[in-house]
Amino acid sequence: MTYENETMKMHQPRHGWLKAVLPPAFTVVAVVAIWQAAVGFGWANGETLASPADIALSLGQTWRDLASATAVTALETVTGFLISIVVGVALGIGLYASKAMHRSIYPLLVAAQTIPIITIAPLFMIWFGFNMTGKIVLVTVFSVFSIAVETSRGLSAVPDFYEAVALTCGAGRVWTLFHVKLRVAARQVFSGIRISAAYVVGTAVTAEYLGATNGLGVWLQNAFNSFQTPMIFSATLVIVAMTGMLLGLVALAERLLLGPGGEDDARNLDESEN
C-alpha cells in the first residue's frame, strides 16, 4: 500500500503538468485549424485576415529582417526592464521606510500611471531623439510602478515578529530591513516584477511605433502602411513569444532564488496584510 501511494505521488506532477498544458494546446490547435479553414474556403478575406499558412510563409521569407528588428526591441526591453527592477525595488523600500516619501511620491506614481504612453512618447522623442536611449527610459518609467508598489506592500505585510526576533538578537534596523524583511517580502516583490514583465515588451514596441529607426514597432508600422497582414501577425507572434520568455525567466529566477511555492507564499503574505 505504501509503495502504491509513493508511485501515485511520483506521477502526480507529470499528470498535473499534462492537465495544465493539454487543454490550451488543444484550443490553440483547434483555433488555428478553424482559422485556416475559414480563409481557405473563402469564409474570411485573406487580404485582411492572413491565414496561418501565409503567416508561416511570411516568417520564413522575412526572418532575417524580423530577427534584426527583434534584437533591437529585445535590447531596449531587457535594459529598461533591468533598470526598472533596481529603481523599483529601491523606490519601494523608500516608500516603506519613509512616511514623508510615501506621502509625497506615491500619489505622483499613481498619477503617472494614468498618462497614456501615446501622449508621453513624443516628449521622449523630443528629449532623446529617435535613438534607443529614449525607448529604454520610457520602458523603465512605465515598468517601475508595479515593482515599487508591490515592494512597499510586501514590506508592510511582513509580520512584526520577524523584526522583533532580529532586533532581540542584536541586529540593527537597517540590517533587519534588507536581510530579514526584504527576504520575507521577496515573493511579493517578484509579483510586481511579473506584472511589469507582462507588458514591458508591448511598451517598447509602442514607443518604437510612435518614433524609431528600427525595431518591431517600425516593422509593424511598415507592414501596416503596405497592408501586409502576414507581416503584422508575424511581429505579433514574436511579441507574444518574447513576453512569454521574459515571464518564464522571471519565474525561473524566483524559483532559483526562493524555491518553489511562490504563488502560495505571496498570497498568504497579501492576506496577512489585509
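The model is predicted.

**Stop 1: the cavity**

Start inside. The structure holds one cavity of 30 Å³ or more. The largest cavity has about 40 Å³ of space in it. Select Ala121, Phe124, Met125, Gly134, Lys135, Leu138 and Ala207 to show its lining. Now colour the helices. Which ones each supply at least two residues of that lining? They are α4 (117-128) and α5 (132-157). Next, colour the lining by residue type. Five of its residues are nonpolar, one is polar and one is charged. Lys135 belongs to this lining and counts as charged. Gly134 is also in the lining and counts as polar.

**Stop 2: the patch**

Select Leu123, Ile126, Trp127 and Phe128. Together they make a nonpolar surface patch of about 430 Å². Keep Trp127 selected; this residue sits in helix α4. Is Trp127 buried or exposed? Trp127 counts as exposed because its relative accessible area is 56%, and the cut-off for exposed is over 50%.

**Stop 3: the loop**

Jump to Asn214. This residue lies in the loop between α8 (186-210) and α9 (216-225). How far apart are Asn214 and Ser68 in space? The C-alpha to C-alpha distance is 8.4 Å. In sequence, Asn214 and Ser68 are 146 residues apart.

How values were computed. Residues numbered from 1 in each chain as written. Predicted model: local features only at pLDDT ≥ 70, side-chain atom pairs only at ≥ 80, totals over all residues. Heavy atoms only, no water. 1 Å grid on protein atoms, 1.4 Å probe; cavity = no way out; pocket = protein on both sides within 12 Å on 5 of 7 lines; lining within 4 Å. Points joined across faces, edges and corners; volume = space filled by probe spheres on them. Helix = DSSP H or I, 4+ residues; strand = E, 2+ residues; numbered from the N terminus. Patch = residues over 30% accessible without salt bridge, like charges linked within 9 Å, V, L, I, M, F, W, Y side chains within 5 Å. Areas by Shrake-Rupley, 256 points an atom, 1.4 Å probe, with all protein chains shown as cover. Salt bridge = Lys/Arg side-chain N within 4 Å of Asp/Glu carboxyl O. Buried < 20%, exposed > 50% of the residue type's maximum accessible area, 1.4 Å probe, protein only.
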